[in-house]
Amino acid sequence: MSEPTRDGAAPGHIPDHDLDDLVSTVTQLVTATRKQNETLSRLTDEEPSVNDGTEGEAESDEAQTPASATAEAALAASEKAPTTIFILALDGMAYTEELATLTNWVDALLLPVYGREVTTSRPWCEQWLEHPEAVARLHALWLAWQQLTDVEAGLTGPSTWHRDHLDPTLLQLRTPDGPFGACTTNATRPDHRLLASPQSAGA
């Protein structure tokens with residue numbers, strides 16, 4: 001399968017205006033989580049004060065200055081750093097590059113090892129890049145694979161990936177009423193059709 005190009009929107013890319021709410025929500029959640037983690041880190045690093053009175057207050061004021069500077073530096077760094085690795089929240093070159101890497105993994109590892117036969121009960125679509133749900137699920141599967149096949153995941157990491165990530169993902173993607181339900185059901189007759197999505201209340 002060829003890699004996506006940048007002539008206009010990348011294959012499978014959701015229009016930017018459709019992602020505005022998703023990007024905003026994900027960004028807010030990640031930012032809130034980061035702030036909570038920073039607060040927790042500061043609280044666990046602080047030692048309890050053993051002095052009372054003005055001396056304790058002075059030491060507290062002195063201790064707050066470097067802590068405040070550290071918090072400001074962390075906030076500034078967080079504003080520059082990516083707020084999410086979820087592919088549907090990326091756009092432009094970031095989305096194109098992530099999709100190209102995901103495609104390489106799907107073509108080189110996932111399909112050759114776990115593809116199985118295409119049947120009416122187990123459809124597939126060669127143009128999966130144009131199915132937003134497939135892109136999202138396969139990207140999540142790939143992220144989990146990177147983490148759980150790393151040596152730091154331990155000896156049970158690969159088993160956990162199969163049980164908790166691979167099997168549920170393939171079940172959702174290849175079920176007859178999944179995103180590929182209107183696509184290829186016979187390997188000798190490739191087909192591709194996007195199913196209509198429910199209309200939003202404001203549509």
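Buried residues are those under 20% relative accessible area, exposed ones are over 50%, and partly exposed ones lie in between (1.4 Å probe, protein chains only). The model is predicted, so local features need pLDDT of at least 70 and side-chain atom pairs count only at pLDDT 80 or more, while totals for chains, interfaces and linings use all residues. Residues are numbered from 1 along each chain as its sequence is written, and side-chain values use heavy atoms, with hydrogens and water left out.

Helix α4 covers residues 132-148; helices are DSSP runs (H or I, at least four residues), numbered from the N terminus. Buried in α4 are Ala134, Val135, Ala136, Leu138, His139, Leu141, Trp142, Ala144 and Leu148. Their cover includes α3 (92-114) and α5 (157-174).

The largest nonpolar core has 28 residues. Such a core is a set of buried Ala, Val, Leu, Ile, Met, Phe, Trp, Tyr and Cys residues joined through side-chain atoms within 4.5 Å. Helix α4 gives the largest share, eight residues. Leu138 is among the residues with the most contacts inside the core.

The axes of α4 and α5 come within 9 Å and cross at roughly 175 degrees. Axes are lines fitted to C-alpha atoms, for helices over the stretch in contact (heavy atoms within 4.5 Å), and angles run from 0 to 180 degrees between N-to-C directions. The two helices are therefore roughly antiparallel (over 145 degrees).

Key
The expected span of a helix is 1.5 Å times one less than its number of residues. Angles under 35 degrees count as roughly parallel, over 145 as roughly antiparallel, 65 to 115 as roughly perpendicular and the rest as oblique.
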